[in-house]
Structures are given as C-alpha cells and as structure tokens.
Amino acid sequence: MMLPILFLFCCFSATTGFGSERLINPKKLPMFVDDLPEIPTLSGFHGRHSKHLRLGMFLKTWKFHRDLPPTPVFAYGVSKDSATVPGPTIEAIHGISTYVTWENHLPDRHILPWDPTIPTAIPAGNRGIPTVVHLHGGITEPGSDGHATSWFTNGFKQKGPSWTNKTYHYNNHQHPGNLWYHDHAMGLTRVNLLAGLIGSYIIRHPHVEAPLRLPHGREFDRPLVVFDRSFLYNGSIFMNSTGNNPSIHPQWQPEYFGDVIVVNGKAWPRLTVRRRKYRFRIINASNARFFKFFFTNGLRFIHVGSDSAYLAKPVVSKAILLAPSEIADVVVDFSKSMSDTVILANGAAYPYPSGDPASEGNNKVMKFYISRKKEVETQRVPSKLIEYPKPKLSDASHTRYIAMYEYTSDIDEPIHLYINGKRYEAPVTEKPKVGSTEIWYVINLTEDNHPLHIHLGLLAALDQTELVRLEEFKDCMTKKNDAVKCKIEQHARGKRIKVSSHEKGWKNVYKMMPGYVTKILVRFSNIQSNASYPFDATAEPGYVYHCHILDHEDNEMMRPLKLVD
C-alpha cells in the first residue's frame, strides 16, 4: 500500500489543504455582493453550415467571491485569458453539425488530490492530467461521446486505451433542449469537475421553438450553472486529502460537499431583474449535492422542460428537487412577486435524502432584486409546448433488472459501489438493440438516492415502488445477485410513488430512491422523428451508464453499455 500513498502525495499541490492552510468559514464571506456573471457564448454554427471550434482546458485563477483571493482552477475557453468557470455556453442549431477539437493545456500536476487506488486513468510516468469531454444529454456517435477510457494528456502526448480522435463531431440531430459538457476521465471525473471543467450546451430549433414565444434573448433566457465548493483562506478549493477508509483508499471519500454555493462562477450572486418573465436553464453541476430550490417569498416555477427535452405542457411548482447533473428548464414571472427582493433558497439534506439538513451557507443560492416598475410584455408561456411520443410499455422489447450496491469496510465505511454486483472492467452485460425500447427495473439497495444517467439513451420514469422486507431481500441479492431468483415480485409491494408532473417527459437522468424499485422506459432512438441515428451507434468504444454522484461514478458505480444491430 505504500507505493500508491507515495504516488498520491506527489500528485497534488499543498494548496488544496494538505498542509497548514485553514478552511474558511462561509460566515466570513458576505452573501450577495457579486453580480451574477453572464456566461460567454460560442456559436456552434455558421449560418446554415457547420462550424469547427477549438476549446482548451487551462490552469488559471478565478475570482469566486469579492473577498476571496484568486482561486487556481481548470477552465474551458478559446484561450487562457478568455477561459471561464463555467466554460462558454455553446449554442448549436438542430440539424447543423458542430465540430470541437478539445485541447488539453493542463500542467503535469493536479491542483486537487486524487486517488490511484480506485480505477483511474494514470498516464505513463505519472506525467500529465488525463481529460476527456462528455456532452451530457447528447445523442452522439461513440467516438465523440467522451468515453472514460478515451482520455488524453497535454498535447495528446499520452492517450487512453479507447482514444479515438482529436476532433469530436456533434451532429445536433436530436430534439432542441439543454445539455452540458464536462470532463469524464476514468477515476478523475470528480476532481476535474471540482477544478472547474464544466459548461453548458444548448441545441436550438428556431422553426419549432419560435412559435412558443417563451422568454428569449441573452437578458431574459439564461443558464444558471449551480454547484458547491469549499475554500481555504488562500482562495484555493478545499478537498479532503484523507479518505474515509485511508488504509484502503488513501484519499477517496464517498461524497464531496462544499459549504459555499456558486452560480455561474460567483458565490451567492445577485441579479437585478425586471417585473416580467425570465427563463432559467438550471444545471446542477455539483459532485454530490442535491438541491431543493424554492423562492423565499413563494414565487412559483413554471417548468417548460426537464433535462434535454421540452414538456408537452407547462407545469407549475413551488419547489424543484434537482439531483447532480439534472437540468430544470423553468420560467419565473417576477411580476407576480409581492416583494422587491427574493432569495432562491435550498432545502435539500446532504447526503440526500437522510443526511444533515441544509444550513447557513448552503441553504441560500442567489438573490434577485426586482424593479418596481411594471411592464407590458409579449413573451408568454403557452398552454402547450412540444409533445413527443409518450412512453408506452407496449414498445418495450426487453426487460432488465439493474441493482445498485454499496460495499463497506470493517469500520462500516463505504469502500466502493457496484451496479449489478460487477466492477466496471467486467464484461459488458447490457447490449440493447439500436432503435429499441427497454424496461429497466432499477433496484436501489443502498441508503443514498442515486441519479442514474444513461449515455445515448433517453429514459422516462414510470413509477417507484417500495421494497418490503428489505433486509431479507438485500441478504438474498448479496448472495445470489439475481432479482428474479430473489423473488423481487414478493418484495416490490410497498408504497408506490408517482412521478412528478414536471418529470414525466423524456429525461437523461432520474433519481433512484433508496429502498425502492424504479421502473423506467429506456429508448435508444430519437424522439422527435422516426429517423435512425445518423451514425453507427454499435461502433467502439461504446457507451456507459452510471450514477452521477461523481464520487460514486469514479469508484466503480459505472458499467459499459454496448449497442448492437
């Protein structure tokens, strides 16, 4: 065990908390003193023609708060000077390809601790930081999906075993909606995202979306990329450098939670708005934190989309529970506010659902200052949005049982998490047919809520059923790892939870409740047309599916997914 520990110590900077630097108390940082930044936008098209972008990953410093020193980060951008956290929003047009050459300009040493005792991309000689970019929610060819083992280091000097090509092709042939891009390197996703490698991506379809007359334009239609971080007094991001089972994993912790909430790169920002409707595309880019968003004065959210797809009709809610990687596409009508200020707050426990309640620092997100002047506006929320084919069980050609396990040490601390009792490296067992629809029963045998993300596929949640005699079922599953042999039909008989109205459409992620079986329909085809994929989805290196709590994903809660004809 000594060699991995020595290797770990050599691979991160002392500015991450391995040393005398102290963790800053969030109470020392006043809230709502920084304006919400406007994320720079890059056009992924040129008229009706495709466009080739070059986006790099750079080490630079970033000001997260007025009173914090500049923070070392990894940032996406066209150049080091223009790189931002989050990275620029890429805007694409339906049916017009965008090509991106992702360039790694990062140094040899990471700014955060990382643990080589979990399955990790480790370059020869331990030189360089592996990265690879995944377009989350993208219906993308395998070679451009950002497979975890398709990583590369600075200047493409070293490449992972499934590396494909320098330039990724995003055909943008899918439905309009919200996506985001982020790092996906094996075993390093949690630290590379924590360092700043995230950004939003929007596919627009003017012919379909313009008649909706939703709020539009850069002032009234804004991505909100929300995440949590902790900081040291010197401004550096803090990540614990000691694992919960240090004799097994010197650094790995089961979840990362920061005590400062960041939106678009600023801690607890403020935004002045007019008394009218705004559209916010809210992305939870946290490693492990769930958010339960609500307005302190009772303002409502009008949901128009969930993850990458529009809803059939708008849904109004008082609160939004958003898991890591989920996207809520909402309209907020500030003309309905009875006050001139309002705070967007958070009420989710961490870990969710049975952890500590939200507390000072992480229970506030940002503040809105609302103009007193009343306005007449022409933008609206129509009674109907975009209707896609409804999920139908009769379309399903195959049924699968997907079980989630957590394994603990002698001190009852997590050591790793598996899907279907298998390591990531075990032979692929999920081989859906291109164009097919399947039923997946996702069985959560852990105490955490796991947001399940399926690359390429779209999913629709149907219901969630509580497992009765849970410990008996767990014991059987631990021994046999077979839901049918363990007579799941005799255990999935408890309380049934209906899917929330604003989550009944097609999604990229869904929250798997602990102690429940979640029934989902998974579709491996487009939803906006009957056209087949404009690429070979059976090609190498294939796809994956995984929990999107990044600390879980990095420690084996991920499995390969191989499409077949």
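Trainee: In which loop does E556 lie?

Mentor: In this predicted model, E556 lies in the loop between α5 (550-554) and β32 (558-561), and its phi is near 85 degrees, a positive value in a residue other than glycine.

Trainee: What makes N481 buried, exposed or partly exposed?

Mentor: N481, in the loop between α4 (470-480) and β28 (496-497), also has a positive phi, near 50 degrees. Its relative accessible area is 31%, which falls between the limits of 20% and 50%, and therefore N481 is called partly exposed.

Trainee: How do you know what confidence the predictor has in the chain?

Mentor: The protein chain averages a pLDDT of 94, and 96% of the residues score at least 70. Over residues 1-20, however, pLDDT stays under 50, although the model has 43 contacts beyond four places in sequence for them. Where pLDDT is low, the predicted coordinates should not be read in detail.

Trainee: Why is the pair of F152 and F156 called stacked?

Mentor: By the rule for rings, the count comes to 25 aromatic pairs. For F152 and F156 the centres are 4.7 Å apart and the planes stand at 25 degrees; the limits are 6.5 Å for a pair and under 30 degrees for stacking, so this pair is called stacked. F152 is buried, with a relative accessible area of 4%, and F156 counts as buried at 11%.

Trainee: How do you know that the charged end of R289 sits over a ring?

Mentor: The charged end of R289 is 4.4 Å from the centre of the ring of Y350 and sits over that ring, where the distance limit is within 6 Å. K159 lies over the face of W163, at 5.1 Å from the ring centre. Y350 has another feature, for the peptide bond from Y350 to P351 is cis, with omega near -10 degrees, and P351 is placed in the loop between β21 (341-346) and β22 (364-374).

Trainee: What makes the contact between R279 and D329 a polar contact?

Mentor: The side chains of R279 and D329 are joined at 2.7 Å, and the limit is a pair of N or O atoms within 3.5 Å, so the contact is called polar. R279 is found in strand β15 (residues 277-284) and counts as buried at 4% relative accessibility. Among the residues that R279 touches are E209, F220, V304 and Y310.

Trainee: Why are β13 and β18 said to stand at the edges of the sheet?

Mentor: The sheet is open and is formed by 7 strands in the order β13-β12-β11-β15-β20-β17-β18, with mixed pairing. β13 (266-267) and β18 each have a single partner strand, so one side of each is left without a neighbour in the sheet.

Trainee: How do you know that β17 pairs with β18 and with β20?

Mentor: Pairing needs at least two bridges. Strand β17 (residues 301-306) and strand β18 (residues 309-317) pair over 5 bridges in the antiparallel sense, and 4 bridges join β17 to strand β20 (residues 327-333), also antiparallel. H303 has V315 as its bridge partner in β18, while S306 stands opposite A328 in β20.

Trainee: Why is Q528 called partly exposed?

Mentor: Q528 has a relative accessible area of 26%, which lies between 20% and 50%, and therefore Q528 is partly exposed. Q528 is found in the loop between β30 (516-523) and β31 (543-547), and a polar atom of its side chain lies 2.6 Å from the backbone oxygen of H173.

Terms used
Residues numbered from 1 in each chain as written. Predicted model: local features only at pLDDT ≥ 70, side-chain atom pairs only at ≥ 80, totals over all residues. Heavy atoms only, no water. Helix = DSSP H or I, 4+ residues; strand = E, 2+ residues; numbered from the N terminus. Buried < 20%, exposed > 50% of the residue type's maximum accessible area, 1.4 Å probe, protein only. Polar contact = N/O pair within 3.5 Å; in protein donor to acceptor, adjacent residues only side chain to side chain. pLDDT = per-residue confidence, 0-100. Contact = heavy atoms within 4.5 Å. Phe/Tyr/Trp six-rings, centres within 6.5 Å; stacked < 30°, edge-to-face > 60°. Lys NZ or Arg CZ within 6 Å of the ring centre and 35° of its normal.
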